[in-house]
Amino acid sequence: MALLKIREIGDPVLRTKAKEVEEVTDKTRRLLNDMAETMYDAPGVGLAAPQIGISKRIVVIDVGSGLFELINPEIIESSVKTYIDNEGCLSIPGKTAKVERAYKVKVKALDRDGKEIIVEGKGLLARALQHEIDHLDGKLFVDYL
């Protein structure tokens, strides 16, 4: 495994819509391992592939309840109920702001074996899912301010 350089705001890769992963390979699984190691080292609770300069739809998240590795994640349901909380980003060091997000989301994705999975999250996990999936569409939390 390897620690990867985290790209910061101003890097064009952070504003580019990431491409779908066509096939989950050993290279994809190595990338997932490296992304998790980089996220834990930073330390952060989530990391999207564009944040390490790779424009692919891959995220890793761990809000303290275990590691989620999501390939081609897509939000398929969002609660009407929202909440506002402080949010930060490894690509915008030292800056936090209050952002309104859905309280609960349901996400469809592929796991590291290429099998479809559903992840449901509320509170911090829902916030992390929305934040990281935003990265895949070239959005940053500061866009909501």
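User: In the hairpin of S2 and S3, which residue takes a positive phi, and how many residues sit between the strands?

Analyst: Gly 64 takes a positive phi near 110 degrees, and six residues sit between the strands. Bear in mind that this is a predicted model, where local features need pLDDT of at least 70, side-chain atom pairs count only at pLDDT 80 or more, and totals for chains, interfaces and linings use all residues. Residues are numbered from 1 along each chain as its sequence is written, and side-chain values use heavy atoms, with hydrogens and water left out.

User: How do you know that S2 and S3 pair?

Analyst: Strands are DSSP runs of E with at least two residues, and helices are runs of H or I with at least four, numbered from the N terminus. Two strands pair if DSSP finds at least two bridges between them. S2 (residues 58-61) and S3 (residues 68-78) have four, in the antiparallel sense, so they count as a pair. Val 59 stands opposite Leu 70 in S3.

User: What makes S3, S6 and S7 partners?

Analyst: Bridges again. S3 and S6 are antiparallel over five bridges, with Glu 77 opposite Lys 106 in S6. Seven bridges join S6 (residues 104-110) to S7, also antiparallel, and Lys 108 has Ile 118 in S7 as its bridge partner.

User: Why are S1 and S7 said to stand at the edges?

Analyst: The open sheet runs S1-S2-S3-S6-S7, with antiparallel pairing. S1 (46-48) and S7 (116-122) each have a single partner strand, so one side of each lacks a neighbour in the sheet. The twist averages 40 degrees from one strand to the next, using lines fitted to C-alpha atoms, for helices over the stretch in contact, and angles from 0 to 180 degrees between N-to-C directions.
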